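Please take a friendly walk with me through one protein chain. Keep the sequence and the 3D view side by side as you read.

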Amino acid sequence: MSAKDNIITLPNANLRTRSKKVGVINDDIMSLIGDMEAATLSWEDSREHEIGVALAAIQINSLLRIIIVRTDFDNKKDRTFNVLINPEITKLEGDMIEDYEGCLSIHNVYGKIPRYNKVKVKALNKHGKNIRITAEGFLARILQHEIDHTNGIVIIDHIKEKEEAFFILDDDGQLQSLDYNKDIKNNQDLWD
């Protein structure tokens, strides 16, 4: 079994469960972080047109409030991650912007998701030090997405106009609109 096979997908009930705070950063937590990185990179290696930008611990079936975020989204050769333990959004700012999002826990389906353009987050790093992040644009979107995971929320929970909100990545790496009634509604039981 490859590391990417450790990533759980809907309808796994744990994806709808709120994760628990990490009390002590010990060897087990460090091992979990390594497993998260390996799963993300293994998934990325299996995809021609995508990059694994982030992952929440729940996505490898660990109900702990840990997320990893790619250090450099624009450089696929940089395979390092920043670690946020017990991340919490302290402020949402800016405009709500709708943009495409995918999720490693929802196979091949993308959605147009509204997110705040700016976010402030507090967390611990992997050494237990308090950190504060102010993020804008794509990083703000990623942080909101991953912190949602720690609260049992997935991207499809944000989609309001279902008829025109779902997409699939084709073999050429282009997003193609899905027919809600044919492709989504009939598979809704997979996601609830």
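What follows is a short tour of the chain, from its overall build to single residues.

This is a predicted model, in which local features need pLDDT of at least 70 and side-chain atom pairs count only at pLDDT 80 or more, while totals for chains, interfaces and linings use all residues. Residues are numbered from 1 along each chain as its sequence is written, and side-chain values use heavy atoms, with hydrogens and water left out.

**The overall build**

The chain holds four helices and seven strands. Here helices (H or I, at least four residues) and strands (E, at least two) are DSSP runs, numbered from the N terminus. Following the sequence, their order is α-β-β-β-β-β-α-β-β-α-α.

The chain has 192 residues, and 41% of them count as buried. Buried means under 20% relative accessible area, exposed means over 50%, and partly exposed lies in between (1.4 Å probe, protein chains only). The accessible surface is about 10,200 Å², with 44% of it belonging to carbon and sulfur atoms. These areas come from the Shrake-Rupley method with a 1.4 Å probe, and for residues only the protein chains shown count as cover.

A contact means heavy atoms within 4.5 Å. Among the contacts with a separation of 6 or more, 63% are between residues 24 or more positions apart.

**How the strands pair**

Two strands pair if DSSP finds at least two bridges between them.

| Strands | Direction | Bridges | Residues opposite each other |
| Strand 4 and strand 6 (residues 166–169) | antiparallel | three | Tyr110 and Phe167 |
| Strand 6 and strand 7 (residues 175–177) | antiparallel | three | Leu169 and Leu175 |

Strand 4 and strand 5 form a hairpin with five residues between them, and Gly128 in the turn has a positive phi of about 85°. The hairpin of strand 6 and strand 7 has five residues between the strands too, and there Gly173 takes a positive phi near 80°.

As you look along a strand, keep a general rule in mind: in a regular strand the side chains alternate between the two faces of the sheet.

Let us turn to a helix. Gln144 is found in helix 2 (residues 137–150). Is Gln144 buried or exposed? Gln144 is buried, with a relative accessible area of 5%. Neighbours within four places in sequence aside, Gln144 is in contact with Ile89, Leu92, Arg115, Tyr116 and Val119.

The chain has one aromatic pair. Rings of Phe, Tyr and Trp (its six-membered ring) pair if their centres lie within 6.5 Å; planes under 30 degrees apart count as stacked, over 60 as edge-to-face and the rest as tilted. Phe73 and Phe138 make up an edge-to-face pair, at 5.1 Å centre to centre with 85° between the planes. Phe73 sits in the loop between strand 2 (66–70) and strand 3 (81–103) and Phe138 in helix 2, so the pair ties together parts that are 65 residues apart in sequence. Phe138 is partly exposed, at a relative accessible area of 45%.

**The largest pocket**

A pocket is found on a 1 Å grid over the protein atoms alone, as an open set of points where a 1.4 Å probe fits, with protein on both sides within 12 Å along at least five of seven lines; lining residues have an atom within 4 Å of a point. Grid points are joined across faces, edges and corners, and a volume is the space filled by probe spheres set on the points.

The largest pocket holds about 600 Å³ of space. It is lined by 29 residues, and the closest to its centre are Ile51, Val53, Glu101, Gly102 and Tyr110. Strand 1 (54–56), strand 3, strand 4 and helix 2 each give two or more residues to this lining.

**A few local details**

Ile156 is found in the loop between helix 2 and strand 6. Ile156 is buried, with a relative accessible area of 10%. The C-alpha atoms of Ile156 and Gly102 are separated by 9.8 Å, though the two residues are 54 residues apart along the chain.

Two asparagines have a positive phi. Asn61, in the loop between strand 1 and strand 2, has phi near 70° and is partly exposed at 39% relative accessibility. Asn86, in strand 3, has phi of about 55° and is buried at 12% relative accessibility.
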